[in-house]
Amino acid sequence: MDPCRSWGMVALLCLLVPGGFPSPCRVSISPEEPTVEFGTSLLLNCTSSCRNYSRLSWEVSVTKVGAGGPGWVSLLIPNVTHWTLELQCFGVFGEHRDIAATTLHAYRFSPPQIYLEGETVAGREAHVTCNASAQVPPPGPPNLQLTLRGEGLPPSTHRGPSVRLGFTAQPEQHGREVRCEAVLRLERRTLNASAAVTLWVWAAPHDVRVWAPRTVFTAGNNLTVICRAEGNPPPRLRWELPTNASRQLWDGGTTVTIPAAQRAHGGSYRCLAENRYGTGAASINILFQESPRSPLIPMVVAVTVLAILALLGISWWFYRTQGWKLMPE
């Protein structure tokens, strides 16, 4: 009797070689090259290409836990505690015996951790370090690669458990992210892990600006001078004003207001910004001009001149037309 026909639908699994004779039955393991994290569990399957086997089983040096069904048998290792473990699955097909073998490889891979070395201060050299750990079966070291990258920063890549990135800190980098990417390459797998940290950049006062709605005043005008400065932490503001210039400070010292300012308030208004990382300053000059004359004075003068000219004109007219003459003495 044809053995393939005797298995019914299972005959589809029976591969024929030229001549119509059935090929030898085979067993196979899935996954073919198992790789698992040390201390975790692993489930494998052994399958047979034919179902006319008398036995289908695993042969391993650990306690076997699993299940089976038509044409397959599983193996569960609940806690992998070997860096390498030889695994075999065999099937007995009458007088024929087929064996599939593979080697389990375990690994350890800890996610990367990022460290900022000391304070990051604008204008100074800063350093970021990333560390990650990995362990694989001997003899070779793990194929581990770390890369540090951030917006506006040149990436730094190194093979091994540590990588360091140095750069000159800038105020605009405050709040930006630096990311570490770790890649562990195993036999047929590539594992990835990453971590990120947000930069906190301290900065001395910068971009100090002083301005006023106008810089030329007349006595009696209201005078306003404003100061703004950037920095981290926010800088404290202090004013150097013209001698004996009274003033009022508003908005936490950012604005100087002088109602009905006088000529004594003219001069240099200097704003000093300070925090624990440095100082910055900016200034503006305020000028006072003479008070404009009253418009009534030139009007009175003009009217007087016109009146005199009119009187002279009338006198001249009477002199010519009426024959007026000067009275003799």
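**Exercise 1.** Determine which strand pairs with S1, and over how many bridges.

*Solution.* Strand S3 (residues 42-48) is the partner of S1, in the antiparallel sense, over four bridges. Two strands count as paired if DSSP finds at least two bridges between them; strands are DSSP runs (E, at least two residues) and helices are DSSP runs (H or I, at least four), numbered from the N terminus. Within this pair, Ser-30 stands opposite Asn-45 in S3. The model is predicted: local features need pLDDT of at least 70, side-chain atom pairs count only at pLDDT 80 or more, and totals for chains, interfaces and linings use all residues. Residues are numbered from 1 along each chain as its sequence is written, and side-chain values use heavy atoms, leaving out hydrogens and water.

**Exercise 2.** State the strand order of the open sheet that four strands form, and explain why S1 and S5 stand at its edges.

*Solution.* The order is S1-S3-S6-S5, with antiparallel pairing. Strand S1 (27-30) and strand S5 (68-69) each have a single partner strand, so one side of each is left without a neighbour in the sheet.

**Exercise 3.** Describe the hairpin of S11 and S12.

*Solution.* Strand S11 (residues 143-150) pairs with strand S12 (residues 153-159) in the antiparallel sense over five bridges. Leu-146 has His-158 in S12 as its bridge partner. Two residues lie between the strands, and Gly-152 takes a positive phi near 80°.

**Exercise 4.** Locate Ile-308 and classify its accessibility: buried, partly exposed or exposed.

*Solution.* Ile-308 lies in helix H2 (residues 296-321). Its relative accessibility is 48%, so Ile-308 counts as partly exposed (buried is under 20% relative accessible area, exposed over 50%, partly exposed in between; 1.4 Å probe, protein chains only).
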